[in-house]
Each structure stands twice: as structure tokens, then as C-alpha cells.
Amino acid sequence: MYLDIFNKMLESELEEKRKLLETSPYSTELGMQMAADARKVMNGQMEQKEFYEKYAAPMKKEFGREWAALEEKPEKNKKKGPRWGMVIDLAKCVGCDTCTVSCKAENRTPPGVSYNVVIEEEHGSFPNVKKLNLPRPCMQCDKPPCAQVCPVRATYKMDNGIVAIDADRCIGCRYCVVACPYGARSYDNGFTYEHEMLGWEDVQAPEFGNDRGPRTKGKLPEGTVRKCTFCFHRLERGEEPACVETCIGDARYFGDLDDPNSIVSKLAASPRAFRLREELGTEPRVFYLL
Amino acid sequence: MGKIEAALQQAHDLREPRLRNLERIWWGSLLIVFVIGMISLVKGYFLEGMASTNLTDTVPWGAWVALYIYFIGMSAGSFLLSTLVYGFGMHQYERIGRSALLSAIVSMVTAISFIFLDIGRPDHVFNAILYWNITSTMAWEIHFYILYLLVLIAELYLSMRGDLVRLAKEKGRLWKLYDFLTFGNYDVSEEALRRNRKWLQILGIIGIPLAIFGVHGGTGSIFAVAKARPFLHTGLFPVIFILSALVSGTALSIAIYVIKNKVFKRVSDLSMVRALGAMLTLFLSVELALEWYEFLIGWYGLKAEELETIRTMTSSIWWWTFWIFQMGLAMVIPLVILFIKKTRNSVNWILAAAIMTIIGVVGVRFNMVVPPLVVPVLNGLPWGDYYPTLSEWVTSFGLIAMCLILYTLGEKFLPIEQSELEIGGIEHERAAK
């Protein structure tokens with residue numbers, strides 16, 4: 001509206017536009033055209049980018065140099081962040097359970113909840129016995145069956161590849177526990193270590209960046225389902241997940257699977273790499289090296 | 001027998017000491033079980049949460065989920081039976097029409113109560129209605145249940161409307177309740193009743209796909225879509241679910257009809273009971289056939305989890321739920337009873353078969369939930385070890401008592417009894433002769 005008023009003012013004040021422009025040494029036609037199109041841009045009938053593209057060449061020709069260029073504004077979230085993934089070298093794993101313990105310490109998980117476990121398997125019979133240690137965090141599947149079945153979308157896939165749980169929305173139906181092919185989800189029964197470890201309830205891990213203060217009976221996340229978060233709160237401050245950092249044999253690698261030059265990408269492409277229960281089509285983001 | 005005489009007869013019946021005693025025992029025992037159940041519910045579920053159950057991360061669903069699908073099946077089965085009357089106009093089953101609808105409603109309410117118990121955060125329960133994950137079978141089910149319950153209530157109301165108006169006009173006991181329930185519409189002209197019947201038919205027809213695909217097939221799909229559990233993850237699973245719903249619904253209708261007649265010392269309509277028995281035979285046979293393929297193909301695949309599940313079901317400490325309940329009580333014994341010429345023509349034997357089926361289907365439902373979950377999803381993870389705690393048992397019995405209380409209240413205060421109807425009355429007399 002104001003634009004119209006200003007336009008009208010200009011029209012009445014500057015009646016002899018063409019004559020005025022002709023006094024300048026440069027092209028009158030170009031000036032008139034640019035003015036008309038500039039108005040279009042102001043009115044939203046023309047994209048700014050289009051305007052620049054249209055006049056970049058004529059202006060260079062007229063004025064002899066690059067006169068104006070559209071400033072490339074970085075579009076919000078245009079650059080994709082990392083999409084996290086993990087590689088676990090089973091040949092390096094000694095089955096010491098440090099990852100399980102450090103995970104428990106970092107995430108302060110209650111009794112009965114363990115985001116990471118090390119499954120120990122024995123194959124063959126004596127004397128031809130082989131023991132396999134299989135650390136099992138959440139696979140952070142790209143096609144997570146848990147998120148598929150959650151009735152309230154409390155569990156979902158984040159852009160960074162991590163499968164999150166929104167405890168504020170979770171109704172605690174445990175359908176995801178039934179649906180997870182890796183047994184990577186646990187229900188928080190509200191148990192506590194307080195009686196054997198004074199002050200345990202005073203602090204909770206800020207899971208998904210959400211600090212819920214001390215652990216209180218009847219308050220969230222009690223009564224909801226919990227799972228490995230790839231230590232999202234640590235990633236946000238530039239640290240590796242606790243299990244990766246503490247692994248004594250350096251069997252775990254963590255990084256951006258979207259970056260072809262990252263260690264995890266290279267290891268995941270190795271012929272030694274496999275994923276658990278690949279036949280289910282869940283596309284886990286945790287790779288194992290055998 | 002005219003309708004007034006019939007009503008008088010019933011009032012007379014109630015004054016009979018035998019009935020009075022029976023009623024007193026019935027109410028007394030139900031209330032005791034219900035109250036104990038509710039105490040256990042508050043003490044266990046509300047104060048201790050899931051810690052009051054034996055559920056673990058390996059077996060996250062247990063007795064309450066099994067009973068929930070049991071009552072869902074009961075409801076869907078009873079409703080489908082009632083559509084024979086109201087949807088397809090098979091009036092030979094008229095006398096079980098309303099009680100089938102009432103039991104469908106009551107079973108549904110009980111089923112929803114059971115699944116409510118299984119929710120870890122009752123304070124978040126409305127999220128289930130607010131947020132709808134379209135890929136989640138459970139989210140669809142929650143909405144279907146609500147719709148289905150509304151259809152059931154509308155059906156029952158429409159089928160009773162004529163009698164409600166009559167009761168309101170007779171100004172007998174509780175006439176004000178009936179007067180309120182007519183919602184000021186006293187039109188019982190032939191035209192109005194015809195409209196009623198039309199609507200009953202429409203709702204019945206809408207209800208059939210809703211009950212089969214929405215409520216029951218859908219509930220089966222909740223389990224069948226879990227690809228982590230090979231025993232559940234078959235296309236046949238929801239179909240078996242529907243079949244066992246039809247089985248338990250038919251059995252329930254037979255049992256309610258015959259037991260009610262026995263209590264009031266009336267003669268049961270043998271031809272109808274026989275027809276219902278034949279229907280039960282059909283459903284049981286189809287279910288047996290489907291289960292045969294389910295087990296055969298599952299076993300043939302030699303998948304470790306599948307084999308372990310079948311082994312858990314048939315030969316672990318839970319063997320009796322499969323062999324005695326699922327195969328014995330809910331399959332072979334009723335089939336034998338319903339096949340032998342002598343027993344299939346006897347009301348008492350058919351009643352026995354129906355009651356056995358009703359009890360046995362609990363085992364069927366249990367075996368759909370627990371054994372597939374006992375087997376760990378990854379080799380090396382802990383095996384499940386589930387047995388309901390005392391709290392789970394007592395709470396479950398409390399809710400079952402609630403179900404029976406609701407049904408009895410419905411029978412007592414609503415015109416469910418079909419023999420009061422003119423048509424029903426005539427037929428009943430004929431049967432008595």
C-alpha cells in the first residue's frame with residue numbers, strides 16, 4: 001500500500017524521467033527497464049534472483065564491470081549435519097564390559113535398564129571352541145520398527161540418524177519393546193540404586209539434551225521406555241559416546257557415516273563389515289567387523 | 001403369553017426364594033472379588049506401577065494383554081453374531097440378539113480396562129488420541145475401538161427403543177430411567193419401528209467390516225506386524241485371531257442364553273441352540289485348519305526362534321496352556337462333543353462345549369502373547385521367564401468380576417430379555433410346547 005503511495009509521489013514529482021536519464025552517458029532504455037523490473041521485485045511479482053540474472057550481463061556490458069551480484073545467503077539447515085554411525089571391531093573386543101559399565105555411569109540408568117550389553121556367545125564344542133563377544137547398543141536403524149509401531153510417535157528418527165524417545169509423549173505401552181529385533185529397549189520400572197549408592201537419585205543424565213533434575217518417584221522418565229541415545233548429550237558438546245571413549249581395546253569407532261572420508265564410512269565399507277539381522281531390512285547404523 | 005403377563009411372571013419369579021438366594025450369592029461373590037481386585041489394583045498398579053507385575057524387557061506383555069485380546073475377541077464375536085439378527089434379518093436368532101450386543105459392549109469395556117492397565121503412564125493416555133502415528137497398527141486400533149463402541153451402543157439402543165418406550169409408559173419400577181432413555185421420543189408407530197430396523201441394519205452392516213478388519217483383524221495385526229517375532233509375523237495370524245473371536249463369541253452367546261434359561265427355569269429353544277452349536281463347529285473346524293497351516297509352515301521353515309517358540313508353547317512349563325486349554329478345551333473336546341450325534345443334540349452338552357471353549361480360549365490368547373516373547377530376539381540375550389504375580393491375578397479377577405457385574409446390571413435394568421417381546425414371546429411359547 002505504502003509502496004503505491006511512494007510510486008505515485010515519484011510519478012508526480014519526476015514527470016520527465018526519460019529526459020533526466022538521457023542526460024546521463026549510459027543507456028536510457030536499460031535504466032527504464034531496470035526501474036520497471038525493480039518495481040516488480042518490490043511488488044513481489046519478480047524474484048530478486050531473477051532480476052540479478054536478467055541484468056548481470058547488460059550491466060556488465062554497459063558499465064564495463066561486475067556491478068552487482070546476489071549475495072548467496074546460506075539457507076537455513078541447508079548444510080546437513082553429520083549422520084552418526086558406529087563401527088565395532090569384534091576382533092578387537094575382549095568382552096570386558098567396560099562399555100556397559102561406562103554407559104550405565106554416563107546415562108545413570110536405573111536397575112533393569114542397560115542401553116548397552118555385551119552378548120557372549122560360545123560356538124563349537126571342546127576343544128574346538130570359539131568365543132564371540134557381541135556388544136549391542138541400539139542399532140539406530142534407518143528404518144526403525146520401533147518408530148513404525150509407536151502409536152503416539154513418541155519414538156522417531158532424528159535428522160542426525162539417532163532414534164529418539166520423547167518421554168513426555170510416551171504412554172509406556174511397550175509395543176516398541178516387542179517390535180525391536182535387537183532387544184535394545186527397556187522399560188523404566190522406577191527402580192533405584194539409592195539404597196546402595198547414596199545420592200544416586202540427585203542427578204540424571206540430560207538425555208536428548210533434556211535435564212529433568214533429580215530422579216523422583218513417579219516422575220518421568222519412570223513408566224516410559226528408554227534406550228541408547230548414542231550419548232546425544234555428549235555429541236552436542238563435541239564428545240564421543242561414553243562406550244566409544246572408554247573401550248579399552250579401541251574396538252569402537254564413531255563418526256559421520258555421510259562423510260565418505262570418515263573412519264566409520266571407510267570401515268563400514270570394508271569386506272569385514274556386517275550388520276545384525278540384515279534380512280529384516282531395518283538398516284542399522286551400527287556396523288560390526290568380523 | 002401377553003407382554004403384561006410375561007412381566008408379571010418375571011416379577012413373580014424374582015420373588016421366588018430360590019432366585020432371590022441365587023441372586024444374593026451371585027452379587028455377593030462378584031462384589032467380593034471385585035472389591036479385592038480393586039484394592040489390588042490400587043496397591044499394585046497405581047502405587048507400584050509395572051513393578052507389581054512379573055513383566056520384563058524380554059516379556060514386556062503378559063496376562064493383562066492376553067486378557068485384553070481375549071475380551072476383544074469375545075466382543076467382536078458376539079457382535080458378529082448379533083449382526084445375523086440385525087444386519088441380515090435372521091430372526092430365528094432374535095432371542096440372543098440383544099444379549100449378544102450387551103455382552104459385546106461389556107466385553108469391549110473390560111478389554112479397554114485391561115489394556116489401560118498395561119500402560120505405563122496412565123497420565124499420558126490421551127496422547128493416544130491426540131497423536132496418531134499412521135504407520136502404527138495400535139494407533140489405528142485405539143481409534144477403531146472408540147468408533148466400534150459407539151456403533152455397539154447405538155445398535156443396542158435402537159434394538160431396545162420400542163421396549164424402552166413401553167416401559168416408560170407402563171410406569172413400573174424405574175420408569176423414570178426408561179423415560180429419560182427414550183430422550184422424549186415416544187414414537188413407536190409401525191413407520192418409526194421400520195426406520196429403527198433400517199438403522200439397525202445399516203449400523204450392523206457398517207459394523208461387520210469394522211469388527212472384522214478394524215477391531216479384531218486389526219488387533220491381530222498389532223501382533224502380526226512385529227517382524228522381530230517370527231511366530232507372530234505371518235499373514236495368517238490376524239485371520240486366526242478373527243476365527244477364534246468368532247469361536248469365543250458364539251460360545252459366549254450359547255452359554256449366556258442357556259444359563260439364563262436354566263436360572264429362570266425356562267426351556268431353551270433346542271433348534272436355535274443346535275444351530276448355534278453347528279456354527280461353533282464350523283468356526284472351530286476352520287480355526288483348526290488354519291492353525292494346522294500356521295504351525296506346519298512355521299515349523300517347516302526351521303527358523304530357530306520359530307522352533308523355540310513352538311517348543312516353549314508345547315513342552316515348557318507352559319505345556320498345559322497349549323495342550324489342555326488351547327488344544328483340549330478350546331478345540332478337540334468341543335469338536336468331539338459337537339460331532340457326536342447324541343451330544344450335539346443335547347442342550348446340556350452344547351452348553352458344556354461352549355463353556356469349555358470360553359475357558360479354553362484364555363489359553364489360546366495367552367499362547368499368542370507370552371511364548372513368542374519368551375524366546376529372545378538375539379541369540380545370547382536372556383530368556384523370558386514370565387508367570388503372573390499375585391497382584392496381576394487378583395487384579396485380573398477383579399476386572400472379570402467387573403465385567404460380570406456390568407453385564408448383570410445391564411440384564412437387570414435394561415430390556416435385554418427378548419422373551420418379553422411380542423414376537424419373541426410367541427416363539428418362546430411354541431418352543432415350550
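Modeller: The centres of domain 1 of chain A and domain 2 of chain A, taken over C-alpha atoms, are separated by 61 Å; domain 1 covers 2-63 and domain 2 covers 84-289, with bounds that come from an automatic or database domain assignment. This is a predicted model, in which local features need pLDDT of at least 70 and side-chain atom pairs count only at pLDDT 80 or more, whereas totals for chains, interfaces and linings use all residues. Residues are numbered from 1 along each chain as its sequence is written, chains are lettered from A and ligands numbered from 1 in the order in which they are written, and side-chain values use heavy atoms, leaving out hydrogens and water.

In chain A, four strands make an open sheet of mixed pairing, in the order E8-E1-E10-E9, where strands are DSSP runs (E, at least two residues; helices are H or I, at least four) numbered from the N terminus, and two strands pair if DSSP finds at least two bridges between them. Strand E8 (252-256) and strand E9 (273-274) of chain A are the edge strands, each pairing on one side only. Strand E1 (residues 84-89) of chain A runs antiparallel to E8(A) and is joined to it by five bridges, and A:Ile88 has A:Arg252 as its bridge partner in E8(A).

Turning to the rings, the count is 33 aromatic pairs over all chains, a pair being rings of Phe, Tyr and Trp (its six-membered ring) with centres within 6.5 Å, stacked if the planes are under 30 degrees apart, edge-to-face if over 60 and tilted for the rest. A:Phe51 and A:Tyr55 form a tilted pair, 5.0 Å centre to centre with 55° between the planes, and both lie in helix H4 (residues 48-63) of chain A, four residues apart, about one turn of the helix. A:Phe51 counts as buried at 14% relative accessibility, and A:Tyr55 is buried at 2%, where buried means under 20% relative accessible area, exposed over 50% and partly exposed in between (1.4 Å probe, protein chains only).

In chain B, B:Trp61 and B:Phe223 form an edge-to-face pair, 5.5 Å centre to centre and 70° between the planes. This pair links distant parts of the chain, 162 residues apart, with B:Phe223 in helix H8 (residues 190-224) of chain B.

Finally, the charged end of A:Arg169 sits over the ring of B:Tyr131, 3.4 Å from its centre, the rule being NZ of Lys or CZ of Arg within 6 Å of the ring centre and within 35 degrees of the ring normal.
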